[in-house]
Amino acid sequence: MSKHLQSTIALSAALLISIAADASAETAHIFWKDLRPATQAIAEDANMPMIAAKLPDHGETLSLGLQDKTVQLAGYALPTDRDGDLVYQFLLVPWTGACSHMPTPPPNQIVLVTPAHPYKMSEAYQPVSITGVLKPGMEKSQLFILDGVSVIQSGYTVRKAEVASVNSVPDTVTLPVSSPWSFLNKKKN
């Protein structure tokens with residue numbers, strides 16, 4: 001192989017690595033607390049974000065600092081639109097059991113996600129990581145649960161999201177042992 005061809009290949013490889021590094025540098029890896037405004041610190045201090053729903057704004061105050069930014073967030077997927085094991089839209093929530101077995105998180109702790117491609121999901125509350133552009137704004141979704149239909153309000157949307165399975169959610173809420181729903185801690189954590 002000629003030196004010119006070797007140089008061109010090396011330069012092309014370096015350029016591709018540089019482009020990939022720039023793309024990943026633009027993705028903000030966020031946590032659930034980043035979706036709550038600073039005025040809701042009480043919920044974070046108690047390690048129970050569902051308390052935010054009891055605040056005067058009912059958890060409807062959104063954090064606008066991440067608007068239109070590409071973010072990555074891990075949580076639990078709760079399908080709202082599926083066909084068999086293919087999911088076309090889901091709610092991303094910060095703890096297992098949210099919305100169906102436990103109190104619904106406040107809107108600023110729910111992300112309505114539309115995957116770029118249908119996501120194959122074996123069970124509700126599967127831990128996943130999403131990557132995509134975050135858009136603040138209230139949106140309602142119907143959630144079909146055993147005892148009927150619930151209307152859930154989400155504070156954020158991510159459309160055309162890349163979705164990947166993860167083993168755990170780093171900032172998940174672990175329920176107190178005395179909670180009747182503490183069995184959910186063992187299932188996913």
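**Exercises on strands, burial and salt bridges**

Seven bridges join strand β2 to strand β3 (residues 86-93), and the two run antiparallel. Strands pair if DSSP finds at least two bridges between them; helices (H or I, at least four residues) and strands (E, at least two) are DSSP runs, numbered from the N terminus. The model is predicted, so local features need pLDDT of at least 70 and side-chain atom pairs count only at pLDDT 80 or more, while totals for chains, interfaces and linings use all residues. Residues are numbered from 1 along each chain as its sequence is written, and side-chain values use heavy atoms, with hydrogens and water left out.

**Exercise 1. State where confidence is lowest and where it is highest in the protein.**

Step 1. pLDDT is the predictor's confidence in each residue, from 0 to 100. Its average over the protein is 76, and 62% of the residues score at least 70.

Step 2. Helix α1 (residues 3-25) has the lowest confidence, with a mean of 47, whereas strand β4 (residues 111-115) has the highest, at 97.

Step 3. Over residues 7-24 pLDDT stays under 50, and the model has one contact (heavy atoms within 4.5 Å) beyond four places in sequence for them. Where pLDDT is low, predicted coordinates should not be read in detail.

**Exercise 2. Describe how strand β2 is joined to β1 and to β3.**

Step 1. Strand β1 (residues 28-29) runs parallel to β2 (residues 70-83), and two bridges join them. Ala28 has Val71 as its bridge partner in β2.

Step 2. On the β3 side, Asp83 is the bridge partner of Leu86.

Step 3. A hairpin is formed by β2 and β3 with two residues between them, and Gly84 in the turn has a positive phi of about 65°.

**Exercise 3. Determine whether Ala77 is buried or exposed, and name its contacts.**

Step 1. Ala77 belongs to strand β2. Its relative accessible area is 0%, so the residue is buried (under 20%; exposed is over 50%, partly exposed in between, with a 1.4 Å probe and protein chains only).

Step 2. Leaving aside residues up to four places away in sequence, Ala77 touches Phe90, Leu91, Leu92, Met121, Ala124, Tyr125, Gln126 and Val128.

Step 3. Tyr125 is 48 residues from Ala77 along the chain, yet their C-alpha atoms are separated by 4.8 Å.

**Exercise 4. Locate the three salt bridges in the chain and classify the residues that form them.**

Step 1. A salt bridge is a side-chain nitrogen of Lys or Arg within 4 Å of a carboxyl oxygen of Asp or Glu; the count comes to three.

Step 2. Lys135 and Asp68 meet through their side chains at 2.5 Å, N to O. This pair links distant parts of the chain, 67 residues apart: Lys135 lies in strand β6 (residues 126-145) and Asp68 in the loop between α2 (41-45) and β2. Lys135 counts as partly exposed at 40% relative accessibility, as does Asp68 at 42%.

Step 3. Asp85 and Lys120 meet at 3.6 Å, N to O. Asp85 is in the loop between β2 and β3, and Lys120 is in strand β5 (residues 119-120), 35 residues apart. Asp85 is partly exposed at 32%, whereas Lys120 is exposed at 59%.

Step 4. In the pair of Glu139 and Arg159 the closest N and O atoms are 3.2 Å apart. Glu139 lies in β6 and Arg159 in strand β7 (residues 148-165), so the pair ties together parts 20 residues apart in sequence. Glu139 is partly exposed at 26%, and Arg159 is partly exposed at 42%.
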